[in-house]
Amino acid sequence: MTAMASGRRTINRRTWAFSLVAYAIAMIFVLPYAEMIITALRPPKELLDAGYLPKHYDFSNFTSIWKTGFGSNLGASLKIAGGATLLVLIVALPAAYYTARKRFRGRTLFLLLVLATQMFQPAAMLVGIQREFIDFNLSSPIFSLILVNAGFNLAFAVWILNAYFSSIPAELEEAAMVDGTSRVGALIRITLPLATPGIVTALIFTFISAWNEFIVSLTLTLGQPAGKQPLTVGINSYIGQYSIDWGHLFAGAAIATIPVIVLFAMIEGRVVSGLTAGSIK
Amino acid sequence: MKRSIITAIAGAAAVALALSSCSSSGGDKGNNGGKSGGAVTLKLVAADYGTGPANASQKYWQGIADDFHKQNPTITVKVTTINWNDFDTQVQTLIQNHQYPDITEGDYFSNYAQEGLLYSASDVLSNPGNLLPVFAKQGSYNGTQYGMPFTTSSRTLFYNKKLFSAAGITSAPQTWADVQTDAAAIKAKGDIGFGLPLGSEEAQAEALLWFLGNGGNYQDASGKWAIDSAQNVETMTFLKGLVSAGDTEPNPGTKNRTDLWKQFAAGKIGMINGSPALIPIIQAGGALTDSDWTSVPIAGKTGPLSSTLGVCDNVAAFKANKHQAEIKKFLDFAYQDKYQIQFDKEYDLLPATTSASNALASDPIFGPFLKALPQAVQYPSDTSWATVKTQIQHTLGTAVTGDPKSVLSALQSTAKKGS
Amino acid sequence: MALTALTAQRLVRRTGHAFAPLLWIGPAVALIGVVVLWPVVVMFHASVQHISPDGFVLGSAGGKNYSNLWHEPALSGVIWRTVIWVVAVVFVTILLSLALAQLFNQRFPGRRVARWALIAPWAASVMMTALIFRWALDANNGVINIFLHDLGIVHKLGSSQADWLGRPTVALVWMMIVAVFVSLPFTTYALLAGLQTIPEEVYEAARMDGANRWRMYFSVTLPLLRPAVLVATLINVINVFNSFPIIWEMTRGGPGYDTANTTVFMFIIKQPYPGEGAAMSVINFGLVIVVVVLFLRLTRWKEQVD
C-alpha cells in the first residue's frame, strides 16, 4: 500500500518538475518577441532610455507606420506569398498524385530530382538566380519572386503530398472509376477531400516560407519603391534611416508576424505528422 | 471546414495574382521607350538628407514633383528616397538588375558614364553652364560632364565648449597633438573625447579629413592612386593610437556618422568632424545651447587645414528608358533657384548653381562656407572610385584595430585592380 | 484496313501513355528546371566571365575570377569562420534539441502550451529575430546589457565591453547563440516526431530487462532516433552553412569582413565584382555538395533507407 502511494507521489513531483522546466524554456523562447512588442509600444522619446519597461505605452508606431509605405510592402508580400502558394498547388498536386499512384518510367528519377533539390538553397545560388532573372526581364520583380519561392518550395510540397496520397488506398478511386468517373474526377471527388490535411500543411509551409524569405527578395528588389518590396526587405530598410527607426521596425515586424501565427495555429497539430510523413521517410 | 480553407487560400491567391498583373501592366516597364504623346512616368531615386520623418527628403522632392505635374500633366515623377548608408548599394543593385531609374540624386560614378548609361549634362539641362564650374571636373568622364552637382557642403571641426571648460581646456584644438590631449582630458571626465565615425556610412569622408591633415590624399598630385602612401599609413597609425588609448568611442570601425552626431547633440562627445548639416541636429537634440558649441577649421598634424573637403552630391540622368525630353523638362524645373535655396535652408547645405550661390552670397551663415568652396578638395573622379569607395567603407574601420599598413595596401591594390 | 486501324489505335494509346506522365509531372519538372537547376548553370557560366559592377558582360575571364578570389586577403578568415560556425551551431542545436524533445515528449500539464511557445522563432522570420537581438545587445540601452549590468557582469553601459557586436569574436559568439535559437524549433519538432515513432513496447521490454533511465536512453532511444537525428543534422548543416539574415542584420559581416561567413562574403563582393561573387557561389555550392555526400557516405545512408 505505502509503496504504491509513494510511487504515485514521486511521479507527480517529476511531472511538476517537467512542467516548471518546460515553462521556463517556453518563456525564454517567447521573451525576444515580447521585447519586440514592448519596444514597438515605447513612445519615441523613451526609445533610448535604459530600462526594462518604458514608463508610458504608446500605440502611435502602429498607426504612423502605414504612412511609411508599409501598406505597400504588405501588399507586395501578399502577392508574392499568395502567388507562390497558388503556383505550388497547381504544379505539385498532379505531380505528387501521379507519382503516388503510377509506377511510370522515370518515377525514381523524378523522386530523386525532388529529393536533391530539397538540398538546394536560394542563398547558395544567388548570383545565378539574379543573373537569370535579369535575362528573363520580367516586368516586375514580384513575378520573379513568385517563381523563385514556388520553385524552391515545390520539392517539400511534392514530398509531403506524395506521402499523403500514398497512404490513401487506391481501391477507393478504383471503386469510383468502375462507376464511370474519370481518373481526374476520382482524384477531385474522392482523394482530395481525404488528403486535405496534407494539402493544407504543404500550402501553409509554402506560404510561410515565401512570407519570411529574405536574401533573394533583398537581391531582386533593393532600391525599388515600396510597392515592389516584400515586408522583409521593407522592414530591413528602417535600418540606417535616421539611424535605425526601431519603433517602426518592430511595429512592422509584429504586424508582419500575425498572419504567420494564424496559419501556424491552423496546422500546429499537423506539424509533427507532416514532418513524419515528409522528412523522416 | 478544411475544404473551405483551401478554397479561401486559392481564391485569395488568385485575386492577388490578378491584382499584381493589373498593377504592373501600367507604365512601369523598365525598358519601354517613352510613349510619344502619352503619359510618361519618370523614376527619381534620391538620397535622404533628413534627420527624421519631419524633414525627410521625400517631402522636398514630392513637393517639386507635384508642382511639376501641375505644369506638365502628362509627366508624373515617382520619388524614392534612400538613406545614405545604403544609397550606393541600392542604386548599384538597381543597375545590376537592369531596373534603371531615370534620374538619381546622390552619388554619381563615372563608370556609369564609361558604360554609356548616362545622358550628358548638356543633353538634359538647358543651361549647364549655371552649374558651379569648380565641380565640373569631378562629374566628367572623357571631357564630357555627366554628373551634375546638386548640393555641396564643406567640413569643419565641431567641439563642445561645455565639456572643454569642465575638462580645463581653454583653447580650440589646432593640431593632432591638441586633439589627443583634449580627448584624453574629456575621457578622464567620463565622456567621449573624439567622435570618430569609421563605419560603413562615410568612412571615406572621415579618413580623407585626417589624410589631408598630414598632406596625404587618396591620389597623389599626378592623379595616381596613393592610398598606402607613407603619410597615410602614419595618419592611420596615429588614429589607431587614439583609439587604443580610449580617447574615441569604442570600436569606431562599426560606428556611423548619424549615430555619433546624435550623441554629440546630446552633449556626450567632446569633438567631432561635421558639416553645417550637424547644426539642426544639435538644435533638435535640446541638450546644447548655441553658446555651448562652435566650429573651427579641421585640425591637421601641424596646424589647421587651409583647404577643407568639399563634398558635392550629383544628379545623373539615365538613358535606358529613353525619356530624354521629359528628364530635361524636369531638371530645368527642379534646378530653379527657389528650389535650390529651399533645399539649402532645409538641410543647411550649400547650392550647386552659380545663380543660387550669388543669391546666398550675402547670407551670414552660408556666405563664409561658399567663399571656401573653390579651394575645396574633392573625391577622385576615377572610374574605379565606385569600387574603391565601397571597399573603403567596408574595411577602413579595421585599420584602427588591426594593421594600418596592410589595410591601406589592400585598398591600394583594389584601386589598381580596377573593375 | 481493320488491322491498320487497330494498330493505329494501339499506337495512339501507347504514345498517349508515354506522354501522360509529362502532363502530370511536366509542370513540376519545368518549374524545378527553370528556377532551381538552370541558375546553377548560369552561376558556373558567370564565374568565368568578366562582368562589370553594372552587370555588363565584358568578355571571358578564364580562371581570373577564381584566382582573384583566392588572393582576397579576407578569404581564409571567412572560410575558417564558416567551418567553426557550422560545426558549433549544428552540434549545440542537436544536443539541445535532443534534450528538449525528450522533455516535450513527457506528459505534463500544459504541455501543449509550452510546445506552442517553441514555435515562436519559427513563425517570426530569422531576420526579425536577428534584429531583436541586435537591439537587445545595444551598448547603451539594450535589455541584455541592462540585465548583465544588473548582474554585475557588464561594468559600464556604453563601454567597449557592452559593445558586443562591435568586437568581432564575441559578436560571432552571440550570433551563434541566435543561430541555435532559431534552429531549435524545427530540430526539436523533427526529433519529437522521431521519438513518437518509438513504440511503447520497446521501453517496456527494456524496463523488464532491468535497465535504468540512462541506459534506456543510450541503448534504446538514441539508436532508434538515429534516422531522425541524421536527417535533422543534414538539414541543419545545409541551412546553417547558407545562413545569411543573422550575420547580415547583426553586423553586416563587419567590421571589415571579420564576422562574415561565405554566404555574407559572397553577397558583399558580388556588388563590385559580380564574376568573383559567382566564383564564390560556385565554391559555396561545391562545398555543400561535398559535405552532403560525405555525410551520407559516413552514415551509410543507403543502408538506412534499404
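A polar contact here is a pair of N or O atoms within 3.5 Å; within protein, one atom must be able to donate a hydrogen and the other to accept it. The legends below describe close-up views of a predicted model.

View 1. By the polar-contact rule, 9 residue pairs bridge chain C and chain A, with both residues of each pair at pLDDT 80 or more. Helix H1 of chain C, residues 2–46, gives the most to the side that touches chain A: 19 residues. That side of chain C divides into 66 nonpolar, 14 polar and 9 charged residues. The count of salt bridges between chain C and chain A is 0.

**View 2. The area buried between chain C and chain A.** Together the two chains bury about 7800 Å². Carbon and sulfur atoms hold 79% of that area. In chain C, the residues that lose the most area to chain A are C:Trp24, C:Ile132 and C:Trp135. Those three together account for 11% of what the chain C side buries. In terms of contacts, 89 residues of chain C meet 87 residues of chain A.

**View 3. The fold of chain C.** Chain C has 14 helices and 2 strands. Its C-alpha trace spans about 100 × 70 × 35 Å along the principal axes. The radius of gyration of chain C is 26 Å, whereas a compact globule of 306 residues would have one near 19 Å. Of the 306 residues in chain C, 55% are buried. Among contacts in chain C with a separation of 6 or more, 63% join residues 24 or more positions apart.

**View 4. A salt bridge in chain C.** The side chains of C:Glu249 and C:Arg252 meet in a salt bridge, at 3.7 Å from N to O. C:Glu249 has a relative accessible area of 0%, so C:Glu249 is buried. Over all chains, the structure holds 13 salt bridges.

View 5. B:Lys70 forms a salt bridge with B:Asp67. Their closest N and O atoms are 3.8 Å apart. Both residues belong to helix H2 of chain B, residues 57–71. They are separated by about one helical turn, because they are 3 residues apart in that helix. B:Lys70 counts as exposed, at 65% relative accessibility. B:Asp67 counts as partly exposed, at 30%.

View 6. B:Arg155 pairs with B:Glu202 in a salt bridge, with 3.2 Å between the closest N and O atoms. The pair links distant parts of the chain, 47 residues apart. B:Arg155 lies in the loop between strand E6 (148–154) and strand E7 (156–160) of chain B. B:Glu202 lies in the loop between strand E8 (192–195) and helix H8 (203–213) of chain B. Both B:Arg155 and B:Glu202 are buried. Salt bridges with shared partners join B:Arg155, B:Glu201, B:Glu202 and B:Arg257 into one network.

View 7. Helix H13 of chain B covers residues 337–347. Its buried residues include B:Tyr339, B:Gln340 and B:Ile341. B:Phe343, B:Asp344 and B:Tyr347 are buried as well. Just after the helix, B:Asp348 takes a positive phi of about 55°.

Definitions and conventions:
Residues are numbered from 1 along each chain as its sequence is written. Chains are lettered from A and ligands numbered from 1 in the order in which they are written. Side-chain values use heavy atoms; hydrogens and water are left out. Contact means heavy atoms within 4.5 Å. Buried area is the accessible area (1.4 Å probe) that two parts lose on being put together, summed over both. A salt bridge is a side-chain nitrogen of Lys or Arg within 4 Å of a carboxyl oxygen of Asp or Glu. A polar contact is a pair of N or O atoms within 3.5 Å; within protein, one must be able to donate a hydrogen and the other to accept it, and residues adjacent in sequence count only if both atoms are side-chain atoms. Helices (H or I, at least four residues) and strands (E, at least two) are DSSP runs, numbered from the N terminus. Ala, Val, Leu, Ile, Met, Phe, Trp, Tyr, Cys and Pro count as nonpolar, Asp, Glu, Lys and Arg as charged, and the others, Gly among them, as polar. The radius of gyration is taken over C-alpha atoms; the globule rule is 2.2 Å times the number of residues to the power 0.38. Buried means under 20% relative accessible area, exposed over 50%, partly exposed in between (1.4 Å probe, protein chains only).
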